Each structure stands twice: as structure tokens, then as C-alpha cells.
Amino acid sequence: KGVDTVIKALEDLPATELLIVGGPAEGPVEEDPEARRLRRIAEKAGVSDRVLMPGRVSYEAMPAQLRAADVVVCTPWYEPFGIVPLEAMACGVPVVAAAVGGMRDSIEDGLTGTLVPEVSPESVAAAVRPYLEDPELGRRVGRAGRARACALYSWDAIAAETIKAYELAAS
């Protein structure tokens with residue numbers, strides 16, 4: 001969701017690679033209709049040499065994949081919760097995300113990542129650029145994101161909030 005916008009943002013982010021992780025449950029990613037659509041967009045934008053699509057990555061390998069990123073970008077037009085930004089935050093990686101759905105709650109704009117209110121290739125590139133130009137900013141935001149993810153979204157924190165909700169409903 002929204003990956004086409006991120007691909008187009010590469011036009012304004014020279015020397016930047018985009019790794020798109022995911023793909024079909026079976027078969028090579030090259031046979032997936034969505035991957036072919038994204039590849040056409042990258043070719044039309046002139047950035048296909050900087051768009052990498054390795055396909056599915058195992059659940060066990062995802063933390064390492066996320067930690068290898070300078071920034072994780074999520075730009076769907078709608079997202080009720082947004083687990084990928086939380087996973088990235090838990091891995092200490094800054095997040096650039098569309099200001100929609102649950103991502104408005106999980107990401108603290110300017111502290112744990114950047115929320116983009118009007119998603120366009122230009123606005124996404126402008127939000128990503130500071131993290132690429134200032135690695136210390138990325139480390140600082142990544143640490144804050146990890147602290148937030150661990151404090152608010154750990155299983156212990158979720159269990160405690162669930163108990164509170166039941167207690168409140170029962171009283």
C-alpha cells in the first residue's frame with residue numbers, strides 16, 4: 001500500500017536504494033502481478049536500478065532486515081493499525097509514515113519518526129532526506145522509537161491496558 005509513491009520519491013533521493021520486502025506466498029516475486037506493476041512504475045520513473053525486490057523474508061529474518069535500513073517508509077492511504085512501523089520502531093529504526101489510521105497514534109511526529117500529512121513523492125522524499133543526510137538524527141529518532149514501542153506496545157503493556165479496560169467496563 002503506497003509503495004508506488006515511495007518508488008517515485010526516489011527521483012528526489014539520488015544515491016538511495018529502496019528495498020521492498022514481501023511477495024507472493026508461493027513462486028518467485030517476478031511472477032507476482034503487484035511486483036510487476038511496481039517494477040513498471042520504477043522503470044517509468046527511471047529508478048529501476050535502485051529498487052530491490054528480494055521477495056518474502058522469513059519472520060525470523062525481519063528484525064535484521066529492518067535494522068539494516070536507514071529509515072522505514074510506510075505510505076498507505078489507509079491503515080487501521082500499522083504493524084510495520086511498530087516493528088521498525090522496536091528495531092530502533094526511524095519511520096516515515098502517512099499520517100493515517102493507527103500510525104498517527106504509534107508514531108510521535110518529530111520524536112519517533114515523521115508523519116506525512118499529504119502523501120506525495122515530493123513530501124515523502126522531503127521527510128526521508130533528513131535521515132539520510134544526518135545519521136545521528138536517525139540514531140536519536142530510532143532510540144526514541146524503540147523506547148516508545150517497548151513502553152507502549154510490549155505484550156506486558158498491552159496486557160496491562162487490556163486488564164484496565166475490562167476493569168473499567170466491569171465497574
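1. Helices and strands are taken here as DSSP runs, H or I of at least four residues for helices and E of at least two for strands, and they are numbered from the N terminus. The model under discussion is predicted.

2. The largest pocket has a volume of about 1,300 Å³. Its lining comprises 46 residues, and those nearest the centre are L19, I20, V21, V72 and V73. By class, this lining contains 31 nonpolar, eight charged and seven polar residues.

3. Several elements contribute at least two residues each to the lining of the largest pocket. Among them are the strands β1 (18–21), β2 (51–55) and β3 (72–74), together with the helices α1 (3–9), α2 (33–45) and α6 (121–133).

4. The second largest pocket holds about 510 Å³ of space. Lining it are 18 residues, with Y59, I83, L86, E87 and A90 nearest the centre. Two or more lining residues come from each of α3, α4, α7 (135–153) and α8 (155–170). The largest share, four residues, is supplied by α4. In terms of class, the lining of this second pocket has 15 nonpolar residues, two polar and one charged.

5. On the surface, a nonpolar patch is formed by L19, V21 and L52, whose accessible area together is about 200 Å². L52 belongs to strand β2. L52 counts as partly exposed because its relative accessible area is 35%, which falls between the limits of 20% and 50%.

Definitions and conventions. Residues numbered from 1 in each chain as written. Predicted model: local features only at pLDDT ≥ 70, side-chain atom pairs only at ≥ 80, totals over all residues. Heavy atoms only, no water. 1 Å grid on protein atoms, 1.4 Å probe; cavity = no way out; pocket = protein on both sides within 12 Å on 5 of 7 lines; lining within 4 Å. Points joined across faces, edges and corners; volume = space filled by probe spheres on them. Nonpolar A, V, L, I, M, F, W, Y, C, P; charged D, E, K, R; others polar. Patch = residues over 30% accessible without salt bridge, like charges linked within 9 Å, V, L, I, M, F, W, Y side chains within 5 Å. Areas by Shrake-Rupley, 256 points an atom, 1.4 Å probe, with all protein chains shown as cover. Salt bridge = Lys/Arg side-chain N within 4 Å of Asp/Glu carboxyl O. Buried < 20%, exposed > 50% of the residue type's maximum accessible area, 1.4 Å probe, protein only.
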